[in-house]
Amino acid sequence: MTSIVVSSQKGGVGKTTVSINLAYAFARAGWNVLLVDSDPQGSVGLSLTRQSRKLLGFFDYLGDEGRSFDSLIVPTRMETLSMVPAGQGEGYELGGGYSESVAKRVDAFLGEAEIKGYDICIMDSAAGLFGITRDVLVCADAVLVPQQAEPLGIRSIPKMLQGLTELRSQNEKLQILGVLLTMVQRDLVESAEAANGMRQLLPSAMVMEAEVARDDLFLKASGKGVPVGVLQGATSLLDTFNSLRMEIESKLGLSR
Ligand SMILES: Nc1ncnc2c1ncn2[C@@H]1O[C@H](COP(=O)(O)OP(=O)(O)OP(=O)(O)O)[C@@H](O)[C@H]1O
Ligand SMILES: [Mg+2]
């Protein structure tokens, strides 16, 4: 199994949106996918189900050694896509530093997911590289960094990539997939310049070729609790996430 964390320094850049739609793209391609919410805000569950406030989830597993993996799994309408919401557990201190015991529990979680036959585990995360996000990154195989295409957004990226590189001293296997430009508006000068600027600033291997356009359909999709690809008129967005999925497969050497 390959675990991919969707992580960013800044909040609101599209992590949850990317996690949901990337998981959907992998699942449509036939991979057995587990989408996990490691953000205590619980946005994945809120976006995909109505009942998630009551569901158990990832934080219940972290906080309780007796909690079974199976009790966390929420099936979706798609056979190849299951979800683990953030859950109720408050056993984890927000903003706390890296914790070896929590990281061990994250490792156990990923081990169980592998045994259960999942091929891909996509993990949404809370913004920043501290606390639970750090614990998750210390255990994961790869990280994808969404970044909004706007002038101010770009400044945080070199620092974020440096932070991830430093984190590899704790997790040598962590592959930095690169930056994914999100909310790109190619017809708006400022957005296009920010997107192009990012591609000039970073080595090409550090920026995904696929970029996610700004589109109101994303808001509609989260209002309806579905991935954007199931909505009418979302063909090009479906193509975007499919291209992203193939790029990631190629970078990680994954094949079915
Ligand atoms: N490509 C896009 N086009 C238009 N709106 C988008 C796009 N991507 C995300 N959004 C919207 O922007 C808002 C923030 O997105 P999202 O919740 O995915 O970001 P996030 O990085 O997970 O935020 P947080 O740091 O709070 O977890 C949401 O309302 C979402 O619907
Ligand atoms: Mg989020």
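Start with the lining of the largest pocket: by class, it has 15 nonpolar, eleven polar and five charged residues. (Ala, Val, Leu, Ile, Met, Phe, Trp, Tyr, Cys and Pro count as nonpolar, Asp, Glu, Lys and Arg as charged, and the others, including Gly, as polar. A pocket, on a 1 Å grid over the protein atoms alone, is an open set of points where a 1.4 Å probe fits, with protein on both sides within 12 Å along at least five of seven lines; lining residues have an atom within 4 Å of a point.)

You're looking at a predicted model, where local features need pLDDT of at least 70 and side-chain atom pairs count only at pLDDT 80 or more, while totals for chains, interfaces and linings use all residues. Residues are numbered from 1 along each chain as its sequence is written, chains are lettered from A and ligands numbered from 1 in the order written, and side-chain values use heavy atoms, leaving out hydrogens and water.

**Stop 1: the largest pocket.** Select Gly14, Thr16, Thr17, Met183 and Phe218: of the 31 lining residues, these lie nearest the centre of the largest pocket. The space here comes to about 550 Å³ (the volume filled by probe spheres set on the points, which are joined across faces, edges and corners). Now colour α1 (15-28), α2 (43-48) and α8 (217-224), each of which supplies at least two lining residues. Which helix gives the largest share of the lining? That's α1, with six residues. (Helices are DSSP runs of H or I, at least four residues, and strands are runs of E, at least two, numbered from the N terminus.)

**Stop 2: Met183.** Zoom in on Met183, in the loop between β7 (175-182) and α7 (189-201). Met183 isn't a glycine, yet it has a positive phi of about 50°.

**Stop 3: ligand 1.** Where does ligand 1 sit? Its space is the largest pocket (more than half of its atoms lie within 2 Å of the grid points). Show the 16 residues around ligand 1, with Gly12, Lys15, Thr16, Thr17 and Ala213 the closest. In this shell, six residues are nonpolar, six polar and four charged. α1 gives the largest share of the shell, three residues.

Next, find oxygen atoms of ligand 1. A backbone N or O atom of Gly12 lies 2.9 Å from one, a polar backbone atom of Val13 is 3.0 Å from one, and a polar side-chain atom of Thr16 lies 2.8 Å from one. On its own, ligand 1 has 630 Å² of accessible area, and the protein covers 78% of that (Shrake-Rupley method, 1.4 Å probe).

**Stop 4: the second largest pocket.** This one holds about 340 Å³ of space. Select Leu48, Thr76, Arg77, Gly225 and Pro227, the closest to its centre among 16 lining residues. β3 (74-75) and β4 (81-84) each supply at least two residues of this lining. By class, the lining has ten nonpolar, three polar and three charged residues.

Methods:
A residue is near a molecule or strand if one of its heavy atoms lies within 4 Å of it. A polar contact is a pair of N or O atoms within 3.5 Å; within protein, one must be able to donate a hydrogen and the other to accept it, and residues adjacent in sequence count only if both atoms are side-chain atoms.
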